[in-house]
Amino acid sequence: MNVTVSHIRSALQECYPPREAANLSRIVCCEMLGQSHIDYYLGKDMILSPKDEKELESILFRLCNFEPIQYVQGTARFLGRTFRVAPGVLIPRPETEELVERMLEEVAPASRILDIGTGSGCIAVTLSKELPEAEVTAWDISEEALAIAGDNNHLLQASVLFVQRDVLTYQPVEGECFDVIVSNPPYVTETEKRDMEPNVLNWEPSRALFVPDSDPLRFYRRIGELGRSMLTAGGRLYFEINRAFGEAVASMLRKQGYTNVRIRKDISGNDRYVIAER
């Protein structure tokens with residue numbers, strides 16, 4: 001093992017399990033410091049300039065403070081594309097990739113699509129790129145999130161319309177309609193905080209994560225209400241959900257008058273998505 005890798009792993013193993021420290025070491029060397037994968041696995045040493053050494057120590061400090069590697073890099077991958085991320089937006093998850101993949105199988109190419117709580121814009125931008133005939137609009141309450149999403153829209157040459165909007169208080173205007181509404185809203189309950197890792201709890205935006213224990217369905221209920229007036233006949237809702245509330249979300253949507261309500265599992269076998277039709 002080369003001297004630099006040994007130093008990185010030694011520093012990271014004070015904070016992370018050995019396997020995770022090894023994976024982070026590879027990312028730091030190959031994706032951030034420019035070492036080739038072949039040289040990394042052959043154990044060839046790296047010659048770092050004083051500037052590189054200073055950058056490496058900054059990276060290790062941030063990682064040992066449990067800052068997610070995606071924030072340290074400033075990017076995250078989502079369905080084959082690189083998105084800018086920062087602590088003002090959630091890091092895209094594989095489960096959300098599965099949701100978008102399902103949508104791409106079902107959504108008509110020229111649909112009018114609304115993404116509520118867009119964050120980094122990964123859902124909206126991906127749909128815009130993969131469905132170039134679609135009209136994609138995305139809402140978020142956060143100015144910081146919208147700035148990051150806008151950057152991703154520009155960098156990836158998508159055509160999403162971003163709007164700052166609080167879904168809990170917004171009242172739709174006449175004629176505002178969509179064929180599809182998708183949302184991955186806050187759904188982690190306050191009680192679940194105690195089981196979360198520090199790299200999520202201390203760094204990702206709490207407003208995008210948590211809902212009160214007393215009202216865990218608040219966003220689904222409100223979006224469902226909006227969908228009753230904003231979705232076209234036969235239009236669809238696509239929700240990513242807390243695995244503990246699949247039946248509760250589905251039951252709520254049925255009571256709101258939605259039909260063909262389906263709960264779908266993620267790759268790990270957990271209830272993760274609810275799809276419904278107006």
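Which residues touch the most other members of the largest nonpolar core? The legends below start with that view and then move on through this predicted model.

**Figure 1. The largest nonpolar core and its most connected members.** This core has 32 residues, and Phe239 and Leu253 are the two that touch the most other members. Eight elements supply at least two core residues each: helices H10 (218–230) and H11 (246–255), together with strands S3 (112–116), S6 (178–183), S8 (210–211), S9 (231–240), S10 (259–265) and S11 (271–277). Helix H10 gives the largest share, with five residues. As background, nonpolar side chains tend to be buried together in soluble globular proteins.

**Figure 2. A close look at the surroundings of Phe239.** Leaving aside residues up to four places away in sequence, Phe239 touches Leu99, Ser183, Tyr220, Ile223, Gly224, Val249, Leu253, Arg272, Tyr273 and Val274.

**Figure 3. Arg272, a charged residue in strand S11.** Arg272 lies in strand S11. Is Arg272 buried or exposed? Its relative accessibility is 10%, so Arg272 counts as buried. Beyond residues up to four places away in sequence, Arg272 touches Glu95, Tyr187, Phe239, Glu240, Ile241, Asn242, Arg243, Arg264, Lys265 and Asp266.

**Figure 4. Cysteines without a disulfide.** How many disulfides does the structure hold? The count is zero. Cys29 is in no disulfide, and the nearest cysteine sulfur, belonging to Cys30, is 6.1 Å away. Cys29 is buried, with a relative accessible area of 0%, whereas Cys177 is partly exposed at 28%.

Figure 5. Glu106 belongs to helix H6 (residues 94–106) and Arg236 to strand S9, so the pair ties together parts that are 130 residues apart in sequence. Both partners are partly exposed: Glu106 has a relative accessible area of 26%, and Arg236 has a relative accessibility of 22%. In general, side chains of opposite charge can pair when their charged atoms come close.

Figure 6. Arg221 forms a salt bridge with Asp215, and the closest N and O atoms are 2.8 Å apart. Arg221 counts as partly exposed, at 30% relative accessibility. Arg222 forms a salt bridge with Glu225, where the closest N and O atoms are 3.1 Å apart. Both Arg222 and Glu225 sit in helix H10, three residues apart, or about one turn of the helix. Is Arg222 buried or exposed? At 13% relative accessibility, Arg222 counts as buried, while Glu225 is partly exposed, with a relative accessible area of 38%. Elsewhere, salt bridges that share partners join Glu106, Arg236, Arg262 and Glu277 into one network.

Note on methods:
Residues numbered from 1 in each chain as written. Predicted model: local features only at pLDDT ≥ 70, side-chain atom pairs only at ≥ 80, totals over all residues. Heavy atoms only, no water. Core = buried A, V, L, I, M, F, W, Y, C linked by side-chain atoms within 4.5 Å. Buried < 20%, exposed > 50% of the residue type's maximum accessible area, 1.4 Å probe, protein only. Helix = DSSP H or I, 4+ residues; strand = E, 2+ residues; numbered from the N terminus. Contact = heavy atoms within 4.5 Å. Disulfide = S-S within 2.5 Å. Salt bridge = Lys/Arg side-chain N within 4 Å of Asp/Glu carboxyl O.
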